Amino acid sequence: MKHLIDIHDLSVEEIDSLIKTANDIIAHPDRYSEKCRGKKLASLFFEPSTRTRLSFEAAMYELGGNVLGFSEAMSSSAAKGESVADTAKTVSCYADIIAMRHPKEGAPMVAAMNASVPVINAGDGGHNHPTQTLADLLTIHREKGGLGNITIGFCGDLMFGRTVHSLISALSRYPGVKTVLISPVELKLPSYVKKDILAKNGIPYVQTTDLDEVISSLDILYMTRVQRERFFSEEEYLRLKDSYILTPEKLKNARSDLSVMHPLPRVNEISVAIDDDPRACYFKQVLNGKYMRMALILDLLGL
Ligand code: NCD
């Protein structure tokens, strides 16, 4: 049985195939509208979510399937002290596939070890978020025509931003990828990602605190929110939260074919004045996320 816990659970070939399916769904949605008839997705969200949860649910409905689940830990038996393992065993009796978001790193992996149906990691703490990465990869593929030979800048909270960790991990397998890591010193990319992913795969990286200095060198600028819920001190969050704010002024020095990405939700880090700039891709990412989740559900269910 296949699960998606880490983006490396999918080979480069499998990612190519998901991108192909997603593009086919975009072109011919009617061919997919009955594929999951009679199947159920359980969406188990122990942490807040708008895009990830609703796009999983929309994906399943658009495939003709059904959805059950909960959107906060307090409305599940977790509030009574039930373990993730027992929840996974229980939900396997009701659903054909599980999408789980949890504040604890590794919780979806524990679920996968105990479930008898495929489990998808929909974000675990500050660790990984492989299905956001699928959305990001489809976006990069559609915007740039492929996944290699790009210079991508990651800006903001690189320490706790799980979408950054998963996307860097995914891109480390493609040729000609260069990364620029832009963050306050306090929110630098964890050294395990630098050592085990970037250095190990020979991916060049530059670290800086200054977005203006590097913006003109980028093909893609991946902005992120400072992850308030992962901070130990509110004071520290308040000090760092507005470290980077992308404005039309700042974009003046960027390339005309730059793609500005953001997993969303945005708080303050991208001015709304940029939303109508043709370089803004973040709402395209949202839509691409639904198509990639449709492709993933089909793949994991063997349909
Ligand atoms: C991200 C997440 O949950 O990690 N959101 C998402 O799923 N699109 C990013 C974030 O919360 O900042």
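A salt bridge is counted where a side-chain nitrogen of Lys or Arg lies within 4 Å of a carboxyl oxygen of Asp or Glu. In this predicted model, the side chains of K290 and E62 meet that criterion, with an N to O distance of 2.8 Å. The two partners belong to distant parts of the chain, 228 residues apart: K290 is in helix α11, which spans residues 282-300, and E62 is in helix α2, which spans residues 51-62. Side chains of opposite charge can pair when their charged atoms come close. In total, the structure holds 19 salt bridges.

The ligand provides the next point of reference. The space that the ligand takes is the largest pocket. Around the ligand stand T52, R101, H129, Q132, R162, T163, R225, Q227, P263, L264 and P265. Sorted by class, this shell comprises 3 nonpolar, 5 polar and 3 charged residues.

A ligand oxygen atom lies 2.7 Å from an N or O atom in the side chain of H129, and a ligand oxygen atom lies 3.1 Å from an N or O atom in the side chain of R101. Taken alone, the ligand exposes 320 Å², of which the protein buries 94%.

P265 is placed in the loop between β9 (259-261) and α11, and both L264 and P265 are among the residues around the ligand. A further backbone feature occurs at N149, which has a positive phi of about 55° although it is not a glycine. N149 is located in the loop between α5 (130-144) and β5 (150-155).

Methods. Residues numbered from 1 in each chain as written. Predicted model: local features only at pLDDT ≥ 70, side-chain atom pairs only at ≥ 80, totals over all residues. Heavy atoms only, no water. Near = heavy atom within 4 Å. Polar contact = N/O pair within 3.5 Å; in protein donor to acceptor, adjacent residues only side chain to side chain. Areas by Shrake-Rupley, 256 points an atom, 1.4 Å probe, with all protein chains shown as cover. 1 Å grid on protein atoms, 1.4 Å probe; cavity = no way out; pocket = protein on both sides within 12 Å on 5 of 7 lines; lining within 4 Å. Sits in = over half its atoms within 2 Å of the grid points. Nonpolar A, V, L, I, M, F, W, Y, C, P; charged D, E, K, R; others polar. Helix = DSSP H or I, 4+ residues; strand = E, 2+ residues; numbered from the N terminus.
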